[in-house]
Amino acid sequence: GFPFNVMRDPMYNGSTLCFLGSALWYRSPAGLVLSSLVYIVYSIALTYEGPFTDMIYSKRAAKSE
């Protein structure tokens, strides 16, 4: 269902965009740097979380069949 049919990790993307939007709104160079750091940290976290989440949902689907 929406929003997962449009993008894989909508909460991470939305959170990063909120940081970026606030940095732009307040014209904060430090905010832009922090937004990029948030993006990098989320990308690293998703390399571990993504496969684990896929495993959980695939086990649930196999169990319900």
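Predicted model: local features only at pLDDT ≥ 70, side-chain atom pairs only at ≥ 80, totals over all residues.
Residues are numbered from 1 along each chain as its sequence is written, and side-chain values use heavy atoms, with hydrogens and water left out.

**Stop 1: the whole chain.** Switch to cartoon and you'll find two helices and zero strands (DSSP runs numbered from the N terminus: H or I of at least four residues for helices, E of at least two for strands). The protein chain is more spread out than a compact globule, because its radius of gyration is 16 Å, well over the 11 Å that the globule rule gives for 65 residues (taken over C-alpha atoms; the rule is 2.2 Å times the number of residues to the power 0.38). Along the principal axes, the C-alpha atoms fill a box of roughly 55 × 25 × 10 Å. Of the 65 residues, 11% count as buried (buried is under 20% relative accessible area, exposed is over 50%, partly exposed is in between, with a 1.4 Å probe and protein chains only).

**Stop 2: the loop.** Select Arg27, in the loop between helix H1 (10-25) and H2. Its phi is positive, about 50°, although Arg27 is not a glycine. Most residues other than glycine have a negative phi. Arg27 counts as exposed, at 75% relative accessibility.

**Stop 3: the salt bridge.** Next, pick Asp54 and Arg8. Their side chains meet in a salt bridge, 2.8 Å from N to O (the cut-off is a side-chain nitrogen of Lys or Arg within 4 Å of a carboxyl oxygen of Asp or Glu). Asp54 lies in helix H2 and Arg8 in the segment before H1, so the pair ties together parts 46 residues apart in sequence. A search of the whole structure finds one salt bridge. Asp54 is partly exposed, with a relative accessible area of 39%.

**Stop 4: a nonpolar patch.** Show Val33, Leu34, Leu37, Tyr39, Ile40, Ile44 and Tyr48 as surface: together they make a nonpolar patch of about 760 Å² (patch members have over 30% relative accessible area and no salt bridge; nonpolar side chains, meaning Val, Leu, Ile, Met, Phe, Trp and Tyr, are joined within 5 Å, like charges within 9 Å). Val33 sits in helix H2 (residues 29-64) and is partly exposed, at 46% relative accessibility.

Stop 5: Which residue is buried, at 5% relative accessibility? That's Ser35, found in helix H2. Then go to Ser22 in helix H1, which is partly exposed at 40% relative accessibility. Ser22 and Thr53 are 31 residues apart in sequence and 30 Å apart in space, C-alpha to C-alpha.

Methods
Areas by Shrake-Rupley, 256 points an atom, 1.4 Å probe, with all protein chains shown as cover.
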